[in-house]
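Please examine the sequence and the three-dimensional structure shown here. The explanation after it moves from the whole chain to single elements and residues.

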Amino acid sequence: MRRARYVLADVFTDRPLAGNQLAVFTDARDLDELTMQALALELGLSESVFVLPPREGGTVRLRIFTPRNEIPFAGHPCLGAAFVLAAPLQLGLVVLETGRGPVPVELERDASGRIVFGRMTQPVPTVQPYEREGELLAALGVSGSELPVEVYDNGVRHAYVVLASKEEVAALKPDQNALSELDLVGALAAAGEGSDWKVRMFSPLDGVGEDAATGSAAGPLACHLARHGVVPWGEEIEIEQGTEIGRPSTLYARAAGGGDEIESVVVGGSAVTVARGEFTIP
């Protein structure tokens, strides 16, 4: 029998029982792909991450699984894994090898040495108009978007709909069945002004429904707002997410670039370890 130990962390929050839950299997060398997928389904979290030895000079290599499939990159698994791994190693920087390349995460500690914040440099996304805009708007139950509806792909595809007010975002009651028919990992609705934004992200294709905190979508949101002149390039935005499902989360994102060109994307937040467990498997 094999033993698969994991750490449960709450990500994009500084207090337990909030944020987005993540299981970090800290040594996955004895686990094959089918077992990883089965463990992710057993836990039923939006993502579980499996830590492996590096292949390309990074600190570790990550494989990331939703309950239904493996994905090349995701935000809260990278940030949460960095918190979990860097604590015992006393590292200020970890480089995570993902399916979309290396993701460096810089970590900040308080006077006691406890990690309190991290910022990851994400893959730069590609951008294109979303051809099924009408279907997306109908599935969300809205008549239109304040900005062009576009898809950003940094390893996961999210489409962005910007509404006029945070109240409209909070009131959304999307048709999950209709959303599951779209060719997206996630449909994101946002509203706000200046550096203050509210987000809800729906991902029925991945078996998630509504996500508590979507790090892979926060960076492209900063890109989207900067590309369309809503916030200046380089300005950090603060994002509220997860309130409607009882998992309040706070994410920080900024994008560097100019005009229509994206140069870099950085997303930050906190995380806390809340539990440890072990699977015994054949």
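The paragraphs below treat the overall fold, then selected helices, and then a strand and a loop.

The structure is a predicted model, in which local features need pLDDT of at least 70 and side-chain atom pairs count only at pLDDT 80 or more, while totals for chains, interfaces and linings use all residues. Residues are numbered from 1 along each chain as its sequence is written, and side-chain values use heavy atoms, with hydrogens and water left out.

The protein chain contains six helices and 18 strands; helices (H or I, at least four residues) and strands (E, at least two) are DSSP runs, numbered from the N terminus. The radius of gyration of the chain is 18 Å, close to the 19 Å that the globule rule gives for 282 residues, so the chain is as compact as a globular protein of that length. That radius is taken over C-alpha atoms, and the globule rule is 2.2 Å times the number of residues to the power 0.38. Along the principal axes, the C-alpha atoms fill a box of roughly 55 × 40 × 35 Å.

Of the 282 residues in the protein chain, 53% are buried. Here buried means under 20% relative accessible area and exposed means over 50%, with partly exposed in between (1.4 Å probe, protein chains only). The accessible surface of the chain comes to about 11800 Å², and carbon and sulfur atoms account for 48% of that surface. These areas come from the Shrake-Rupley method with a 1.4 Å probe; for residues, only the protein chains shown count as cover.

Contacts describe how the chain is connected. Among contacts (heavy atoms within 4.5 Å) between residues at least 6 apart in sequence, 62% join residues at least 24 apart. As for charge, the chain has 23 positive and 39 negative side chains, and the centres of the two sets lie 8 Å apart. Lys and Arg count as positive and Asp and Glu as negative, whereas His and the chain ends are not counted. The place of a charge is taken as NZ of Lys, CZ of Arg, CG of Asp or CD of Glu.

Helix α1 spans residues 33-43 and includes Thr35. Thr35 is buried, with a relative accessible area of 14%. Leaving aside neighbours within four places in sequence, Thr35 is in contact with Arg2 and Ile281.

Helix α2 comprises the 15 residues 75-89 and reaches 21 Å from its first C-alpha to its last, close to the 21 Å expected at 1.5 Å a residue. The expected span of a helix is 1.5 Å times one less than its number of residues. Twelve of the 15 residues of α2 are buried, so this helix is largely enclosed by the rest of the structure. Among the buried residues are Gly75, Cys78, Phe83 and Ala86. Ala82, also in α2, counts as buried at 0% relative accessibility. Not counting residues up to four places away in sequence, Ala82 touches Val94, Val105 and Leu107. The C-alpha atoms of Ala82 and Ala271 are separated by 9.4 Å, although the two residues are 189 residues apart along the chain. Gln90 follows α2 and has a positive phi, near 55°.

Helix α3 (residues 133-140) holds Leu137, which counts as buried at 8% relative accessibility. Beyond its neighbours within four places in sequence, Leu137 is in contact with Val142, Ser143, Gly144 and Val161. Leu137 and Ala187 are 50 residues apart in sequence and 9.7 Å apart in space, C-alpha to C-alpha.

Helix α6 has 13 residues, 215-227, and reaches 19 Å from its first C-alpha to its last, close to the 18 Å expected at 1.5 Å a residue. α6 is mostly covered, with 13 of its 13 residues buried. Gly229 follows α6 and has a positive phi, near 75°.

Leu8 lies in strand β1. Apart from its neighbours within four places in sequence, Leu8 has contacts that include Leu22, Leu45, Val272 and Val274.

The loop between β1 (2-11) and β2 (20-25) contains Phe12, and Leu17 lies in the loop between β1 and β2 as well. Most residues other than glycine have a negative phi. Phe12, although not a glycine, has a positive phi of about 65°, and Leu17, also not a glycine, has a positive phi of about 70°. Phe12 is buried at 1% relative accessibility, whereas Leu17 is exposed at 64%.
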